[in-house]
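Subject: Structure for your review

Dear colleague,

Please find the structure below, together with its sequence. My notes on selected parts of it follow.

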Amino acid sequence: MIKKYEILKRIVDIGIIAVVRAENSEKAEMVAKACINGGIPAIEITFTVPGADRVISTLRDKFTSKELIVGAGTVLDSETARIAILSGAQYIVSPSFDLKTAKLCNRYQIPYMPGCMTITEIIEAIEAGVDIIKVFPGSVYGPSIIKAIKGPLPQIALMPTGGVSLENVEQWIKNGCIAVGVGGDLTKGAKSGNYEEITKTAKKFIEKIKKARKSN
């Protein structure tokens, strides 16, 4: 069993979570595999995917713990979080902060990454035991918001999702993010069935994150 701190360390080490949205479970699995082939082991299966819990379970069966760390995204409440965890989710990601979900994840020792937009929300989440704050939607502010948050709260681990692209990922990292969450800009190849494009894009994201970290 992989411990909570090991999951967090692997996410921070790789610096990126692939956010997978798809119209069916088959496509979700193919997108996840393409991301893994591109060097991104951290896969977030959103609960907008039909049968997301089954996709998570299937991925856990098909890949080893070294190849994959899979989480559940778009988790709106503790009931959904528990379903995801029992299906094999190793971390939980939400678009907003929910105290009951935080408590449940603490109970199971599962990392919880809730979406926050304000300093008040961030402090409330941290006080509830959250380890990583998902800055969401990142597209509203852009990379400059990270330095603004880090001013009064330098200790906070931040991960933007939404608005992260190959063009700006280096700036997000340089401004102080410990990782980024990337959806459409990474997985858009799935729309045309070009999964090789996803793999190539994943490699480019990895390269840019490494470059940004070296220059810091």
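In which loop is the place of threonine 48? Threonine 48 lies in the loop between β2 (42-46) and α3 (52-62). Please bear in mind throughout that this is a predicted model.

Threonine 48 is partly exposed, and its relative accessible area is 45%. Its side chain makes two polar contacts that I would note: one with the side chain of arginine 21, at 3.2 Å, and one with the side chain of threonine 46, at 2.7 Å. When neighbours within four places in sequence are set aside, the residues in contact with threonine 48 are Arg21, Ala22 and Thr74.

The next topic is helix α5 and its surroundings. Which residues of helix α5 (residues 99-108) are buried? They are Thr101, Ala102, Leu104 and Cys105. Viewed down the axis of α5, these buried residues fall within an arc of 165°, so they line one face of the helix. An α-helix has 3.6 residues a turn, so residues three or four places apart point the same way. Lys100 and Arg107, on the other side of α5, are exposed. The elements against which the buried residues of α5 pack are α4 (78-86), β4 (92-94) and β5 (112-116). Just after α5, glutamine 109 adopts a positive phi of about 55°.

Strand β5 is mostly covered, with five of its five residues buried. In a regular strand the side chains alternate between the two faces of the sheet. Both faces of β5 are covered: Tyr112, Pro114 and Cys116 are buried on one side, and Met113 and Gly115 are buried on the other.

How do the strands connect, and which residues pair? β4 and β5 run parallel and are joined by three bridges; serine 94 has proline 114 in β5 as its bridge partner. Together, β4, α5 and β5 form a right-handed β-α-β unit. β5 also runs parallel to strand β6 (residues 133-135), to which two bridges join it. Here glycine 115 has lysine 134 in β6 as its bridge partner. A right-handed β-α-β unit is likewise made by β5, helix α6 (residues 119-127) and β6.

With kind regards

How values were computed: Residues are numbered from 1 along each chain as its sequence is written. This is a predicted model: local features need pLDDT of at least 70, side-chain atom pairs count only at pLDDT 80 or more; totals for chains, interfaces and linings use all residues. Side-chain values use heavy atoms; hydrogens and water are left out. Buried means under 20% relative accessible area, exposed over 50%, partly exposed in between (1.4 Å probe, protein chains only). Helices (H or I, at least four residues) and strands (E, at least two) are DSSP runs, numbered from the N terminus. The arc is that of the directions from the helix axis to the C-beta atoms. Contact means heavy atoms within 4.5 Å. A polar contact is a pair of N or O atoms within 3.5 Å; within protein, one must be able to donate a hydrogen and the other to accept it, and residues adjacent in sequence count only if both atoms are side-chain atoms. Two strands pair if DSSP finds at least two bridges between them. A crossover is right-handed if, with the strands pointing away from the viewer, the path from the first strand over the helix to the second runs clockwise.
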